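This report describes a structure for a reader who has not seen it before. Please look at the sequence and the model first, then read on.

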Amino acid sequence: MRTISRQPLFNIPMLLKVVGMLLMIESAFFLLPIGAGLYYHEEDTLITGITAAGTFLVGLWMARRIRTTHNRLSKRDGFLLTSSVWVAFSLFGMLPFIFSPTTPCNVSDAFFEAMSGFTTTGASTLGSRPGMSNCLLLWRAVMQWIGGLGIILFTLAVIPMLNTRGGMQMFNAEMTGITHDKIRPRVSQTAKSLWGVYMGLTVLLALLLWAGPMDFFDALCTAFGTLSTGGYTSGISGMLAMEHTYVKLVMIVFMFIGGVNFALIFRFITGQPRQLLRNDVLRIYVIFTGIMWACFAVARVAAEGYHGLVELLVDPLFQVVAISTSTGISLLPLAGWGGFTLMLTVMMMFFGGCAGSTSGGAKIDRMVYLFKNMRNELYRCIYPNAVLPVQVGGRVASPQLVGKVIAFLCIYVMVIIVGACVLTVMGVPVTDAIFSCFSCISNTGFGTEITGLGGSYDMLPGAAKWVLSLIMLTGRLEIFSVLVLLLPSFWSRG
Amino acid sequence: MKIVIAGAGEVGSHLAKLLSNEEQDITLVDSDATKLGVLDANFNLMTITGDPTSFAALREAKVDRCDLFIAVTPYETANIVACSIAKNLGAQLTVARIDSYDYMKPENFRHVKQMGVDKVIYPEYLAAQEIITALEYSWMRSRYELHEGQIILAGIVLPEGAPIAGMQLKEFASTNHSFHVSAIRRNHETIIPGGGDRLLAGDVLFFTTTREHVDDLMALTGQEDRKIRRVMIMGGGKLAMRLTNLAEGRFKFKILENDIDECHKLSRRCPTDVEIINGDARDVETLLDSGITEMDAFVTLTPSSESNILTCLTARELVDAKTVAEVENIQFIDQAEALNINLVINKKLLASSAIFQLLLDADSSTSKCLALADAEVAEMEVRKGSKITHAPVKDLRLSRDMTLGGLIRDGKGMLIGGNTQILPGDHVLVFCLTGALRQVERLFN
């Protein structure tokens, strides 16, 4: 008791120290784009190298020089740390874009690009500019790949020091989903298993793409962007290669996998395949995707007429999966397929993939809770005294949990509306404002050009990009972890 | 080490937190999802909602691959059934918490073992043993036996006028090698002493020594061996029953119990020489009427920690007796010790340290064994080629935050002097301040 009351609210030195260590890890990831830059003899290699060295040194300085009194991390520390790590990663990750000699850009654009990468949104302000070097293209893809399963989760797997209570807080703050599946007793083992699955799938996907019409570089970039459901493409050559039906089919499968709970995939691989079949959420995810596929196919035929089996079946499926897993790659102008498909797109962006996956959106799991609860409420109109549990996956959810899910969904919509209000103040048209907020919080990354209503993200004013970056982070960390920082009582003991 | 704990009650969750901090793989099984939710979100462990006596839940918890299965639900029969299932599914070692001495008796334990229970933990029995030890060695404030009694850790209050009070440690320690002052507790602070530290009256000194030298400490610290004979117990629960039965006539007990039905039960179950009085011990008149002034020790064992602590304080005003209080709220323990209650009993901690001891026996890489406020005692196994074996102790230039209390070589306890050379395979007891454990680990790896 003596010691607790005297402690400051936040363990700032420890927070900085951990951020420092994580930055050192980030600097290691820079090696991939540096390698690509060296191979292609690009000018951007130097600046990427300098950024990597700088990030490493800053990280080393923070990790080594900052003196900590104790290394306990409280609940508050966990939340603050998770958000700050994501911001710190984006701040260092944006440097190569700003100082790139070939395609320089301003700070707002670069931060937007980096945050969009780490949160696997894949919205780009630079994408429309031709001539981005392979070095930077690969860095964008790597950012998505790290962010896909989670920065914290990766570090939990490699830094044993975080294997404490504070680490648990961070794990909970970062993992998507309502409750957090632990697949093994210790959080570091869970992190290792999930990252193992993720890495294995990435390698498999890259090899499959490489075996097709893509070259190694494009295959690697596309693999990073597909499994993480980010959606950055590897420039023109990558986009061209995606025209092949083989590539489309492979990508459909892996985007879809990216939208499935990774704990479930781990169990499937480790010999519990029955879990996959018994999972309610997964079944709904599959059925939902199927229905959307049919709707899209019909809409396309109605709009453009019949042009062959591939156009009828593969393209709509690719589009449906790309939207509902929040990958957000669009190969065809959706606007041409009619207003109905646009509305379906909005709905799918909202639903997202399964919890515990790399996808964004509000997650199918929450929708299942919502609809089951809705049915119960309607039923209660007729039988007011009926006791109706919300049952998911054979388990009855507690009323608090259902309440939390509904609160989540309400706040989700609130964030979109408030964000859109702020954007309209900056002069963004209403539809663009709403759509881009929606796209960012769902981490889909569609620009409004998809809707045929407005331009892409680079038309937005600088301040709007910062707002959208914040919304992306809120969406990726599933709202509570970021919004809790806005609570006055988070910052004071009162 | 993979450990499955069935039952997320007080003992279960305490153990789970403790072991999870010790880098063990913990899976906790309980049927109460809300209880588990809190633990799952805050601690580094996995939880499984389900009945601990069901095959489905235990299979899900992977008991077939666990090294240790601990059943600590509130019901002993459930614990035994759970252990039996776990053992049959393939658990290496099973431990059940029980509530009656019956299953522990050597002639009965054989059959319990056949059911698949390898070890039983009976918290009341452990508590009773602890109280009896405290009453027998009344001149010590606390006494721990480490490594099956090979090394004794004794906490002794230094009275005014003791031969060593006011002396520097090096003045008398250099001539005497039968003990080692490992830690000093002074004004809520724990000091790891060096040769230059002076001992003051009022300090609690923690000595490590071997069994044959314990009695030397008595003269050295100016303590008198006060034989305790008459003991008054407040609260006649299961623990009082176990205590009076286990003492086998070494003490003369008087039990004060509120409830007349409980009194009748006690009269049937306690030895015949135990005197049972129906009355409220929180009332001073009742205490005086029952002859508190004649008592050598006063033990409070009611379910209310607050009553236990306060009644001990009241009793001390009436008589100069050794006081023992059962305190089940863990956060009160420090306060109770600060109020100079001689022994604080906590069944949860006793049960968990007993299970901890099992772990130590099973896996020598688990090092920590007990904590004295802000200092820690670690039993470290010396590996081949570790830094500590490089030179005799006096040449190692050890940190001031740690001291070597003693070592166990080939199962025999011995003390460590400056010239002692530590060998691989020894188990060394290290006292260090909280936070210095990392440094210690570096020495041993």
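## Two residues with positive phi

Lys62(B) sits in the loop between α3 (55–60) and β4 of chain B; helices (H or I, at least four residues) and strands (E, at least two) are DSSP runs, numbered from the N terminus. Phi of Lys62(B) is near 60°, which is positive although the residue is not glycine. Most residues other than glycine have a negative phi. Lys62(B) is partly exposed because 19 other C-beta atoms lie within 10 Å; a residue is buried with 20 or more other C-beta atoms within 10 Å of its own, exposed with 12 or fewer, and partly exposed in between, with C-beta atoms placed from the backbone.

Chain A has a residue of this kind in Glu478(A), where phi is near 55°, again a positive value in a residue other than glycine. Glu478(A) belongs to the loop between α23 (462–476) and α24 (480–483) of chain A. Glu478(A) counts as buried because it has 22 C-beta neighbours inside 10 Å.

## Model and numbering

This is a predicted model, in which local features need pLDDT of at least 70 and side-chain atom pairs count only at pLDDT 80 or more, while totals for chains, interfaces and linings use all residues. Residues are numbered from 1 along each chain as its sequence is written, and chains are lettered from A and ligands numbered from 1 in the order in which they are written.

## Chain B as a whole

Chain B contains 15 helices and 22 strands. Its C-alpha trace spans about 60 × 60 × 40 Å along the principal axes.

Of the 445 residues in chain B, 42% are buried. Among contacts between residues at least 6 apart in sequence, 62% join residues at least 24 apart; two residues are in contact if their C-beta atoms, placed from the backbone, lie within 7 Å.

Strand β1 (residues 2–6) of chain B pairs with β4(B) in the parallel sense over 4 bridges; strands pair if DSSP finds at least two bridges between them. Ala6(B) stands opposite Ala71(B). Another 4 bridges join β4(B) to the parallel strand β5 (residues 93–97) of chain B, with Phe69(B) opposite Thr94(B).

## A parallel sheet in chain B

An open sheet of 6 strands has the order β14-β13-β12-β15-β16-β17 (chain B), with parallel pairing. Its edge strands, each pairing on one side only, are β14 (275–278) and β17 (343–345) of chain B. Within the sheet, strand β12 (residues 230–234) of chain B is joined by 5 bridges to β13 (residues 252–257) of chain B, and Arg230(B) has Lys252(B) as its bridge partner.

## Where the chains meet

In the contact between the chains, 10 residues of chain A touch 9 residues of chain B. Helix α10 (residues 165–174) of chain A gives the most to the chain A side, with 3 residues.
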